[in-house]
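Here is a short briefing to read alongside the model. It begins with the overall span and then turns to the ligand site.

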Amino acid sequence: MSEQWWQRAVVYQIYPRSFQDTNGDGIGDLQGVISRLDYLELLGIDAIWLSPVYQSPNDDNGYDISNYEEIMSEFGTMADMEELIAEGKKRNIRIIMDLVVNHTSDEHAWFVEARKSPENPSRDYYIWRDPVAGQVPNNLRSTFSGSAWEFDEDSGQYFLHLFSKKQPDLNWENEKVRQEVYDMMNFWIEKGVGGFRMDVIDLIGKLPDQEITGNGPKLHEYLQEMNAETFGGKDLLTVGETWGATPEIAKLYSNPQRNELSMVFQFEHVGLDQQEGKEKWDLAPLDLTKLKEVLSKWQTSLGNEGWNSLFWNNHDLPRIVSRWGNDQQYRVESAKAFAILLHLMKGTPYIYQGEEIGMTNYPITDIKQATDIETINMYQERLALGFAKEDLIESINVKGRDNARTPMQWDESANGGFTTGTPWLHVNPNYQTINVKQALADSSSIFYTYQQLIALRKEHDVIVWGEYELLQTPTEIFAYLRSLGDEKWLIACNLSDQSQALSVPKSKEIILTNYELTEVPVGEVTMRPYEAFVLKV
Ligand code: GLC
Ligand code: CA
């Protein structure tokens, strides 16, 4: 198969609520995104994954959609959306829509109808079950704490919600539901979008009665049907959010022979700093050996039968520089080291807004400062179970989703230039030193490392297509080779705040570094804290 545009692309994720406000209501909007397209063009990205902008009561910040063909009024209008697509096109930036079709909002017209009575023609768009011995049908739990079954007084039945009670799950076994989704996707394809990021798509084949949620038996059948009915053959990027993917499963989704998706987000590395078999809030230190194992496994196991996506961050995850780097003394060095480590791998890199300037987590001291439903529900549930308040706040500071959602820091003016009003979520007070204006003015900033990484991928086939080989090094150093034909690149990153020794047998040329290097490193070299380099060898 010939190269696809998305195999050389870098995608930038925008969480519109926190990107740029233009009318002073404290909420980012589509005109704000448009106003920053020149900045994104300068960075060099090829596509924007836009977190949901559809009409929504915002129980889960837009991941609860009440109308898929209307724009959330806080964000603007359909005309603004069309303008964004057109302005993106002028700059070769495609707009990837967030497709949230495992569930809708309970305020979606389908659910409003469905709820009216068991005889309603829309009833079967959702998943209803009778009580079992006067109780919930089974033990399925919501990702946002508590039972996944919510009782509906009027009909005496329960409906399923794998997320909040305001996010009832759609019944994908119903052909009419599937057709509605495909029609809606075609509505957006006709508007000229560049593809879809598919929210928790591995759940649509669920068998709730057997307590099977991810990777249900009909999942791939549905995706093949979706492909045929909508984006198939249309040169769009499609990426599935698949928490339960192994390399074997990823091939099912992304093998081009199977006509499903371009690629998936796998999350194996994301779970490496939690206690095994527990939840993300149950903290454990990151094991670097495991990080190397997991990422290397994904680099080598897909071959020509699938495609990787590469990411450290998104709107659900803490900031990488705070999480696995050092957001104090080595903020710049460690942010660059993690960028270099990821962007020289095989796959399509995703950058989350603010990552390119090294934005950090924003610790809270009290639950009242939290806005995220996942965090708030977890806190209440665990508090009732007897967990200590301080431990819960610590977990939230390390893993909570609000960390990534604080407003984008543009300059040193009030609220980081995000809004002239009151921001919907606190701005990180470090905006006076960490902001886009400062980054652009400093030629050695994190921004320019990202810009270089994106440009390198455009120029060098070895990054897109080269073989990957992990090197045996001290634990703290993550080093690998990429090779294509005669070309061989060595990527080495010291992921610790201590100096580490590395032996570099030969090297010809420095491609990229995050410290000043006066000569090409060769022989026994000492890598300084979070030092990273890319060498032609
Ligand atoms: C995905 C989204 C997350 C959302 C959830 C429910 O995991 O990334 O933000 O809360 O799905 O839609
Ligand atoms: Ca606004």
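In this predicted model, residues 13-405 are 32% helix and 12% strand, and the end C-alpha atoms of that span lie 12 Å apart. Helices (H or I, at least four residues) and strands (E, at least two) are DSSP runs.

**Annotation**
- An unreviewed UniProt entry labels residues 13-405 "domain: Glycosyl hydrolase family 13 catalytic"; such annotations may be inferred rather than shown by experiment.

**Ligand surroundings**
- Ligand 1 is surrounded by 14 residues (a heavy atom within 4 Å), and the closest are Asp 60, Asp 199, Glu 241, His 315 and Asp 316.
- That shell holds seven charged residues (Asp, Glu, Lys and Arg), four nonpolar (Ala, Val, Leu, Ile, Met, Phe, Trp, Tyr, Cys and Pro) and three polar (the others, Gly among them).

**Polar contacts and burial**
- Polar contacts here are pairs of N or O atoms within 3.5 Å.
- The side chain of Asp 60 has an N or O atom 2.5 Å from an oxygen atom of ligand 1.
- For His 103, the corresponding side-chain distance to a ligand 1 oxygen is 2.9 Å.
- Glu 241 places a polar side-chain atom 2.9 Å from an oxygen atom of ligand 1.
- The protein buries 97% of the 310 Å² that ligand 1 exposes when taken alone (Shrake-Rupley, 1.4 Å probe).

**Reading notes**
- Residues are numbered from 1 along each chain, and chains are lettered from A and ligands numbered from 1 as written.
- Local features need pLDDT of at least 70 and side-chain atom pairs 80 or more, while totals for chains, interfaces and linings use all residues; side-chain values use heavy atoms, without hydrogens and water.

Definitions and conventions. Polar contact = N/O pair within 3.5 Å; in protein donor to acceptor, adjacent residues only side chain to side chain.
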